[in-house]
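Let's take a walk through this one together, strand by strand and then as a whole. Have the sequence and the 3D view open side by side.

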Amino acid sequence: ISSEVPEKYTLSQNYPNPFNPETNINFSLPQKGDVKLSVFDMTGKEVSVLFNGKLDAGIHQYNFNAANLPSGTYFYKLETNGFIETKKMMLIK
């Protein structure tokens, strides 16, 4: 994790993907702000909130453990300072 401040908001593809049962999600913030990182199933139901609060500018990593969820396609969404991005991931047990 570098001390450099990123130039823009980014949400990286999780790795590993497909995963079982854990994966890592990285994102970068060019400025401090309220951040929500959440996971949804195919129906749009929120199944996990990985983080909801204030974060400093920089590069952040969160681990998602889906041991209690069935195999399938999931979506993770980053919401902060007007930036919203969603990506897809596969859980294969």
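Start where E1 meets strand E2 (residues 22-29): two bridges join them, and the two strands run antiparallel. A word on terms: strands are DSSP runs of E with at least two residues, helices are runs of H or I with at least four, and both are numbered from the N terminus. Two strands count as paired if DSSP finds at least two bridges between them. To find the spot by eye, look for Thr 10, which stands opposite Ser 28 in E2.

Before going further, a note on what you're looking at. This is a predicted model, where local features need pLDDT of at least 70 and side-chain atom pairs count only at pLDDT 80 or more, while totals for chains, interfaces and linings use all residues. Residues are numbered from 1 along each chain as its sequence is written, and side-chain values use heavy atoms, with hydrogens and water left out.

Back to the strands. E1 and E2 belong to an open sheet of three strands, ordered E1-E2-E5 with antiparallel pairing. Its edges are strand E1 (10-11) and strand E5 (58-65), each of which pairs on one side only.

Now for the other sheet. Four strands make up this open one, in the order E4-E3-E6-E7, again with antiparallel pairing. Here the edge positions go to strand E4 (46-55) and strand E7 (83-91), each pairing on one side only. From one strand to the next, the twist averages 15° (axes are lines fitted to C-alpha atoms, and angles run from 0 to 180 degrees between N-to-C directions). Inside this sheet, strand E3 (residues 33-40) and strand E6 (residues 72-80) run antiparallel and are joined by six bridges. A handy landmark there is Val 39, which stands opposite Tyr 76 in E6.

So what does the chain hold in total, helices or strands? It has zero helices and seven strands.

Zooming out, the C-alpha atoms fill a box of roughly 35 × 25 × 15 Å along the principal axes. Finally, take contacts (heavy atoms within 4.5 Å) between residues at least 6 apart in sequence: 58% of them join residues at least 24 apart.
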